[in-house]
Amino acid sequence: MIMMFTFDDIIGQDSIIKELKEALAHQTISHAYIFEGPAGAGKSTLANAFCQAIVCEEHKPCGVCGACRRFEAGTHPDYKVIAPEKNTIGVDKIRELIGDIYINPYMADRKVYVVDQAQSMTVQAQNALLKTLEDPPPYAVIILLTTGADNLLPTVVSRCLIYKLKPVPLTHVEDILIRRFNASPGDAKQAAAASDGIIGKAISIINDSAWQALHRSALNNLQNIVRDRWDAFFAAEEFLVEHKDDIDAILDSWADFIRGKLLDAKVSDFTLFRWSSIMECVDAARKALASNANYQLTADVLLLNILEVVDNAHSSGSTF
Ligand SMILES: [Zn+2]
């Protein structure tokens, strides 16, 4: 079952979409494309929308014409996807494609082929495809999706129009997570930061309840230490020891929370100073871990340093 994607579903690739829409409007569609980008960048979504637009009677995709309906039902005869089997696309698969490509389209005025994870084509498969790329039938469109065009034969790459999907600005990712996925602003910010601007990654992070639980526990532990001091120390220590593998994400959560405090115009200069001291403790722990310091020792030093900042604040008669 094919899901319907329109160009509006693709986030942060406006210049590519503009060019593809122009090619559709003027019917100057190339015979071969490469959509390149990391997993989760939206290559398949983009290819899906573009292929539907190519076969659509309105070249949009309109979603209502007979061609669109068949496309969305996964039964359009002029659209085929080739995907790896056991991580490889062998020459037989490509020979099948070539056997099919020279038969005239059934419904549309073009025939469209998507090769997913094209970098998994064997050299033999790529060489077989190359012959078709050099002399394609006039109606054929082949779209190669790949995480890295470097892994394709240069002769194949040189026959294709390449579009590189770029990482999406983090503020844009945050906005999408809040508006489309109902994420809280705090969670959205964290997930966006962890996604490196790869929208699919951000969405899977926000949908991952284990990640959300970790993020919340991390913040609870920091806030408990600041409020309850020694009463919260051992629970926080246990948390850090238990989540040794997630320490980067935990420190990111803390740093992000502290950054929020530092940007809060309502807090006093004194409080700002305290929070920036805590940020220094977090940074010091990161540096220690990066230089392979003992984990448990680093975790304890981090918590003790934070406690010292908090204790100083209390003994001088102020709170956070
Ligand atoms: Zn249509």
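Biologist: Why is K261 called partly exposed in this predicted model?

Modeller: Around K261 there are 18 other C-beta atoms within 10 Å; a residue counts as buried at 20 or more and as exposed at 12 or fewer, so K261, with its 18, falls in between and is called partly exposed.

Biologist: Where in the chain is K261 found, and what is K261 in contact with once its neighbours within four places in sequence are left aside?

Modeller: K261 is found in helix α12, which covers residues 247-262, and, with those neighbours left aside, K261 is in contact with V267 and W275.

Biologist: What makes V55 and A67 a contact?

Modeller: Two residues are in contact if their C-beta atoms, placed from the backbone, lie within 7 Å, and V55 meets this criterion with A67, as well as with F71, H76, D78, Y79, A108, R110 and V112, leaving aside its neighbours within four places in sequence.

Biologist: Which residues touch the most other members of the largest nonpolar core?

Modeller: That core has 61 residues, and those touching the most other members are F35, V55, V115, I143, L144, L177 and A202. Its largest share, 8 residues, comes from helix α2, residues 43-55. Apart from it lies another core, of 22 residues, including A218, F239, A299 and I306.

Biologist: How is the protein chain divided into domains, and what separates their centres?

Modeller: The division gives domain 1 (7-164) and domain 2 (208-315), and the centres of domain 1 and domain 2, taken over C-alpha atoms, are separated by 48 Å.

Methods
Residues numbered from 1 in each chain as written. Predicted model: local features only at pLDDT ≥ 70, side-chain atom pairs only at ≥ 80, totals over all residues. Core = buried A, V, L, I, M, F, W, Y, C linked by C-beta atoms within 7 Å. Helix = DSSP H or I, 4+ residues; strand = E, 2+ residues; numbered from the N terminus. Domains from an automatic or database assignment.
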